[in-house]
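Q: Please take a close look at a single part of this structure. What covers the buried residues there, and what lies around it?

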2 protein chains.
Amino acid sequence: MARTRSKSFWSKYQIAWRQKKSLVCVGLDTEHKQLPQCVRSDRNPIYTFNKAIIDATKEYAAAYKPNLAFYLAAGVKGLEALKLTIEAIPEDIPVILDCKVGDIGNTMDAYLSAFFDEMGCDAITVNPLMGKDVVKMMMNNEKNFAFALALTSNPSAKDFLMNKDLYQDIANWIKTFDSKQLGAVVGATQTDYISKMRKLLPEQIFLIPGIGAQGGDLKAVLSNAIKSKEEPNILINSSRGIIFKDSSANFAESAALEAEKLRDEIKKGIK
Amino acid sequence: MARTRSKSFWSKYQIAWRQKKSLVCVGLDTEHKQLPQCVRSDRNPIYTFNKAIIDATKEYAAAYKPNLAFYLAAGVKGLEALKLTIEAIPEDIPVILDCKVGDIGNTMDAYLSAFFDEMGCDAITVNPLMGKDVVKMMMNNEKNFAFALALTSNPSAKDFLMNKDLYQDIANWIKTFDSKQLGAVVGATQTDYISKMRKLLPEQIFLIPGIGAQGGDLKAVLSNAIKSKEEPNILINSSRGIIFKDSSANFAESAALEAEKLRDEIKKGIK
């Protein structure tokens with residue numbers, strides 16, 4: 001049974017923030033070879049693992065972000081696990097599928113149908129290289145949301161994104177759309193870039209990966225990334241730092257502790 | 001059973017050209033709602049359809065290009081159909097998965113494992129926005145090949161690709177890699193752009209979509225796109241123009257006729 005998607009991603013995000021004071025996005029990068037021994041004999045170990053993680057962390061999660069690659073790598077059973085995982089996420093917690101698709105026409109339509117209609121996701125990540133044609137159809141349904149890849153901190157970001165200020169062009173492009181339907185993936189940990197992105201995009205939600213356990217930079221990132229203390233409009237993603245913290249049979253409890261810790265550090269960092 | 005991938009994509013492409021004089025890439029954009037009535041009651045209609053198309057067109061096909069979106073849109077059964085389809089393609093005809101993935105690190109690794117190792121594809125399409133980190137791991141296996149999105153002809157290509165000459169930056173970037181492992185998706189039908197791309201990339205294979213039945217421009221596209229008459233180093237993709245030409249029970253025979261016609265028009269256009 002697909003999720004009903006009674007509310008838009010934007011509404012779910014706002015409600016999660018107000019009710020839980022959490023900005024933690026739990027990344028479900030559930031790589032098969034990293035699974036704890038205790039779930040491996042299950043019929044569908046990826047799903048068993050995810051279900052336990054979700055039940056343990058839902059109190060602290062503002063969103064969940066499964067990453068399509070790890071489910072495709074596990075074949076048909078992986079895709080089954082992805083569907084079951086999304087169904088297991090409480091209706092009021094938004095699901096962001098990290099798929100970075102960026103196609104057009106009937107191909108993009110097919111992806112939207114797969115991810116929003118069939119799987120019941122609330123948001124996806126998109127690659128904006130092909131321009132407006134990538135996101136325009138997604139906007140036909142006001143419940144849909146996408147995070148466009150805008151700034152990344154990988155070494156070769158300099159090849160294109162940091163060359164000729166492409167990341168700023170992407171930010172200015174994102175700004176031409178409704179901020180209730182399009183946000184930005186802002187992966188850089190350098191605070192001056194994050195601060196520039198917030199100036200360019202005052203209203204948009206930023207999905208910020210790559211922080212996780214490295215608490216060191218968190219405070220600086222937060223103060224530069226948030227819109228305001230009342231409406232931070234960010235999500236801080238942590239994947240392996242939460243879900244694979246502990247490979248023992250206590251993996252879910254450990255994940256809950258990590259999620260709670262990150263939620264609290266973020267709350268403290270915003271004040 | 002996955003394909004053995006005994007040869008590299010590059011070798012398979014060279015052999016197909018020499019033996020068949022074909023540059024036709026048959027796009028398997030097998031959208032469920034477009035399937036002919038006669039296959040719809042089958043257990044897996046998408047696979048039944050593809051198998052018939054492959055058997056009828058393999059004499060004329062230099063490559064097959066299934067498009068991931070349409071298989072994901074059909075859920076678990078769609079992913080099964082994709083695996084079976086790839087297995088049904090003769091070992092000596094290269095399979096290009098159109099997925100336009102563009103991720104990094106262990107995420108990209110998971111995609112490579114899914115598409116090359118598990119499914120047995122010979123090549124994939126990639127989105128180069130995140131730079132070298134997207135393609136460097138793929139190159140660890142010399143049998144692998146990728147076509148990087150470089151120039152497209154959709155209306156919003158002007159947003160980024162045609163802005164500040166990004167498509168030329170991408171071409172220059174492609175040139176820094178081995179042409180036996182990285183080619184370019186060159187989708188523009190304007191002959192002056194194609195000609196510019198060939199000057200920038202004298203050796204690379206171009207995957208050229210969006211021509212199909214529109215024979216009008218074909219000759220001009222060909223003369224600007226090929227490396228030489230002996231080694232054209234291009235693939236002309238046609239999807240719906242071949243596979244959905246005829247929705248009757250004769251769909252496979254009609255597809256074979258279209259594939260043969262396109263092969264012959266290309267041969268004529270190159271002379």
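A: Start with the cover over helix 5 of chain A. In this predicted model, the buried residues of that helix are covered by parts that include strand 3 (96-101) and strand 4 (123-126) of chain A, together with helix 3 (68-72) of chain B. Which residues are buried? In helix 5 of chain A they are A:Thr107, A:Met108, A:Ala110, A:Tyr111, A:Leu112, A:Ala114, A:Phe115 and A:Phe116.

Now check the length. Helix 5 of chain A runs over residues 105-118, which is 14 residues. At 1.5 Å a residue, these should span 20 Å. The end C-alpha atoms are 19 Å apart, so the two values agree. After helix 5 of chain A comes A:Gly120, with a positive phi near 80°.

Next, the contact between the chains. Here 42 residues of chain B are in contact with 42 residues of chain A. On the side of chain B that touches chain A, the elements giving two or more residues are helix 3, helix 4, helix 5 (105-118) and helix 6 (166-174) of chain B. Helix 5 of chain B gives the largest share, 7 residues. By class, this side of chain B has 19 nonpolar, 12 polar and 11 charged residues.

Helix 4 of chain B also has a partner within its chain. Helix 2 (residues 45-57) of chain B packs with helix 4 (residues 75-88) of chain B at an angle of about 20°, and their axes are 9 Å apart. The two helices are therefore roughly parallel to each other. Their crossing is right-handed. By class, their contact has 6 nonpolar, 3 polar and 1 charged residues.

Key
Residues are numbered from 1 along each chain as its sequence is written. Chains are lettered from A and ligands numbered from 1 in the order in which they are written. This is a predicted model: local features need pLDDT of at least 70, side-chain atom pairs count only at pLDDT 80 or more; totals for chains, interfaces and linings use all residues. Axes are lines fitted to C-alpha atoms, for helices over the stretch in contact, and angles run from 0 to 180 degrees between N-to-C directions. Helices (H or I, at least four residues) and strands (E, at least two) are DSSP runs, numbered from the N terminus. Angles under 35 degrees count as roughly parallel, over 145 as roughly antiparallel, 65 to 115 as roughly perpendicular and the rest as oblique. A crossing is left-handed if the near helix is turned anticlockwise from the far one by less than a right angle, and right-handed if clockwise. Ala, Val, Leu, Ile, Met, Phe, Trp, Tyr, Cys and Pro count as nonpolar, Asp, Glu, Lys and Arg as charged, and the others, Gly among them, as polar. The expected span of a helix is 1.5 Å times one less than its number of residues. A residue is buried if 20 or more other C-beta atoms lie within 10 Å of its own, exposed if 12 or fewer, and partly exposed in between; C-beta atoms are placed from the backbone. Two residues are in contact if their C-beta atoms, placed from the backbone, lie within 7 Å.
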